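Subject: Structure handover

Hello,

Here is the structure I said I would pass on. Please look through it first; my notes on what was found follow below.

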Amino acid sequence: MVVKVYGSIDASPQRVLACLVEKEIDFEIIRIDLFKGEHKDPEFLKLEPFGQVPVIQDGDYTLYESRAIMRYYAEKFKSQGTELLGKTVEERGLVEQWLEVEALRFHPPVYKLVVHILLASALGFPSDPKIIQESEAKLGKVLDIYEERLSKSKYLAGDFFSLADRSHLPFSQHLVADLGKEHMIRDRKHVSAWWDDISNGPSWKKVLQLGVFEFPK
Ligand SMILES: N[C@@H](CCC(=O)N[C@@H](CS(=O)(=O)O)C(=O)NCC(=O)O)C(=O)O
């Protein structure tokens, strides 16, 4: 059964695509153009009532929230493709811890930088330099904690490349490639080495080959 991924090459759908590629699961992308508002169409809202992407459909099973989708496939196909959840309950606990850290501490400031640096003009509101400054400062504090962790551990959950590392790929890609904030990664030796390691894996390269998100000019 080919998994339908509604979204396209936006960041959160890419989080799911990276996991599907790693798990060698066939998928098809059903493009939902955010700039045309297709994610707010009544038909789409029947799939995802909050009006966001991604959503997956796997037969008659529908799921949204990118991190929940990743966990679902990492569990469902535990013995297929790359191990993403660790081998012991203690390792799984650390994977879950860093997945939560990514969602609750890393993602919010990066998302605000994406909105105010990349999307503001396309969405028709003024970019707010104060929000950019505050978000960068908040993200810097988070990355300092990552730097300390990664000085002791090759990856976030331990010596294995897990779902927690993968969850960081799309928005770290924005940080490095689109936001002009690459220095926030490069100024931190262990974070920089970690980024080079996780972003040079075949699965992420394959996701990027699907297309790079084009922000409307
Ligand atoms: N928590 C959700 C967030 C999804 C999300 O923010 N999607 C964005 C696209 S992206 O910025 O993540 O690529 C979206 O649909 N934005 C449109 C909107 O919020 O109206 C998830 O992880 O799936």
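**The ligand and its surroundings**

The ligand is surrounded by 16 residues, and the closest are Ala11, Ser12, Gln52, Glu65 and Ser66 (a residue is near a molecule if one of its heavy atoms lies within 4 Å of it). This is a predicted model, in which local features need pLDDT of at least 70 and side-chain atom pairs count only at pLDDT 80 or more, while totals for chains, interfaces and linings use all residues. Residues are numbered from 1 along each chain as its sequence is written, and side-chain values use heavy atoms, with hydrogens and water left out.

By type, the shell around the ligand divides into six nonpolar, five polar and five charged residues (Ala, Val, Leu, Ile, Met, Phe, Trp, Tyr, Cys and Pro count as nonpolar, Asp, Glu, Lys and Arg as charged, and the others, Gly among them, as polar). Both α1 (11–22) and α3 (66–76) supply at least two residues of this shell, and α1 gives the largest share, three residues. Helices (H or I, at least four residues) and strands (E, at least two) are DSSP runs, numbered from the N terminus.

Polar contacts (pairs of N or O atoms within 3.5 Å) were found as follows:

- Glu65: a polar side-chain atom lies 2.6 Å from a nitrogen atom of the ligand.
- Val53: a backbone N or O atom lies 2.9 Å from a nitrogen atom of the ligand.
- His39: a polar side-chain atom lies 3.2 Å from an oxygen atom of the ligand.

Of the 540 Å² of accessible area that the ligand has on its own, the protein covers 81% (Shrake-Rupley method, 1.4 Å probe).

**The chain**

The protein has ten helices and four strands, and their order along the sequence is β-α-β-α-β-β-α-α-α-α-α-α-α-α. Its C-alpha atoms fill a box of roughly 50 × 45 × 25 Å, taken along the principal axes.

Two backbone details are worth a look. Val53, already listed for its ligand contact, is joined to Pro54 by a cis peptide bond with omega of about 10°. Pro54 is placed in the loop between α2 (42–47) and β3 (55–58). Glu24 is not a glycine, yet has a positive phi of about 55°; Glu24 is in the loop between α1 and β2 (27–31).

Regards

Methods: A polar contact is a pair of N or O atoms within 3.5 Å; within protein, one must be able to donate a hydrogen and the other to accept it, and residues adjacent in sequence count only if both atoms are side-chain atoms.
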